[in-house]
Amino acid sequence: MRDWNQFIEDAVTGIQKQTEGKPVLAALSGGVDSSVAAVLTHRAVGSRLTCIFVDHGLMRKNEGDEVETLFHGKYDIRLIRVNAQERFLNRLAGIGDPEHKRKIIGEEFIRVFEEEAKKLDGIGYLMQGTIYTDVTESGKDGHKAVKAHHNVGGLPDTLAFEGLIEPLRTLYKNEVRELGNALGLPKEMVYRQIFPGPGLGVRVLGEVTAERLDVLREADAIFREEMEKAAVASEEYFAIHTGLQSVGIQNGARVFGHTIALRAVKTSDVTTADWVRVPYDVLERASARITTECAGVNRVVYDITAKPPGTIEWE
């Protein structure tokens with residue numbers, strides 16, 4: 001079993017040596033990885049750390065406000081929230097290819113950080129919450145590529161930082177949670193549900209539009225609410241806007257409506273996962289609410305694919 005106190009001590013020493021007293025800019029998404037990485041880095045550099053939270057409009061319902069409240073209320077860490085929803089949607093307009101979307105979102109993140117860094121004095125380093133699964137799935141360190149991760153690939157030549165800090169790069173997801181506990185982070189942060197870096201951009205299949213995002217946010221919130229009320233054991237559960245339309249009946253008339261897929265998995269390290277046998281009554285309630293409360297949705301399906309052969313995300 002890993003000695004997390006020793007890991008923290010070594011990481012703090014390493015970050016202090018690497019940064020040499022220079023300011024650090026942290027890429028904060030509000031997820032488990034970036035949050036743990038930010039708190040760990042804050043231990044090393046203190047007030048030299050500035051966290052930038054980019055609200056790209058691809059978050060879950062109310063999540064942007066929750067992230068801001070948590071960091072302002074719990075930690076004395078400088079947090080800058082950048083509202084960039086329109087900017088990201090404009091870049092994603094007309095793009096349907098999953099890898100293209102991921103790369104656009106990653107590139108736009110980097111551009112936002114560059115721009116924000118120019119407003120600050122003497123920022124030397126960029127910190128990211130990259131974990132080992134991000135590295136392996138992106139085809140790095142001798143592994144075959146599965147999908148691109150926006151936080152993997154190193155710094156582009158044009159990036160205005162001296163270097164990159166990735167204190168979690170060798171850790172799996174379960175180890176990140178153990179580290180978070182050792183750091184004393186709140187349970188709601190440590191066990192926050194896994195969320196992909198590109199956000200809902202890879203849970204809206206095909207082109208990402210404001211309308212599709214709104215529908216998906218509501219469907220996702222309903223499914224998560226029903227899962228939580230029933231206390232179903234699952235590390236990750238969410239909805240997907242499939243982009244498919246199928247025939248249905250509304251108000252006695254034939255219509256074509258959207259199809260929402262639901263996914264729930266059990267996993268310890270996200271390298272492998274099994275689908276959760278969600279009780280039928282929970283699925284029934286979620287389906288009834290989604291088709292009633294989400295505009296234009298007339299069909300709900302449930303994904304029973306393990307990883308492998310599938311991945312946890314659909315894109």
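This briefing walks through the charged side chains of the structure above and the partners they find. The model is a predicted one. In general, side chains of opposite charge can pair when their charged atoms come close.

**Pairs that link separate parts**

- E108 and R87 meet in a salt bridge, with N and O 2.4 Å apart.
- Because E108 sits in helix α5 (residues 98–118) and R87 in helix α4 (residues 85–92), this pair ties together parts that are 21 residues apart in sequence.
- E108 is buried at 5% relative accessible area, while R87 is partly exposed at 27%.
- K101 forms a salt bridge with E315, and their closest N and O atoms are 2.7 Å apart.
- K101 lies in helix α5 and E315 in the segment after β9 (297–302), so this pair joins parts that are 214 residues apart in sequence.
- Both K101 and E315 are buried.

**Another pair and a network**

- R169 and E166 meet through their side chains in a salt bridge of 2.7 Å, N to O.
- R169 is partly exposed at 27% relative accessibility, whereas E166 is buried at 18%.
- A network of salt bridges links E225, E226, K229, D281, R285, R289 and E293.

- R177 belongs to helix α7 (residues 173–183).
- Beyond its neighbours within four places in sequence, R177 is in contact with V32, V190, Y191, R192 and I194.

Definitions and conventions:
Residues are numbered from 1 along each chain as its sequence is written. This is a predicted model: local features need pLDDT of at least 70, side-chain atom pairs count only at pLDDT 80 or more; totals for chains, interfaces and linings use all residues. Side-chain values use heavy atoms; hydrogens and water are left out. Helices (H or I, at least four residues) and strands (E, at least two) are DSSP runs, numbered from the N terminus. Contact means heavy atoms within 4.5 Å. A salt bridge is a side-chain nitrogen of Lys or Arg within 4 Å of a carboxyl oxygen of Asp or Glu. Buried means under 20% relative accessible area, exposed over 50%, partly exposed in between (1.4 Å probe, protein chains only).
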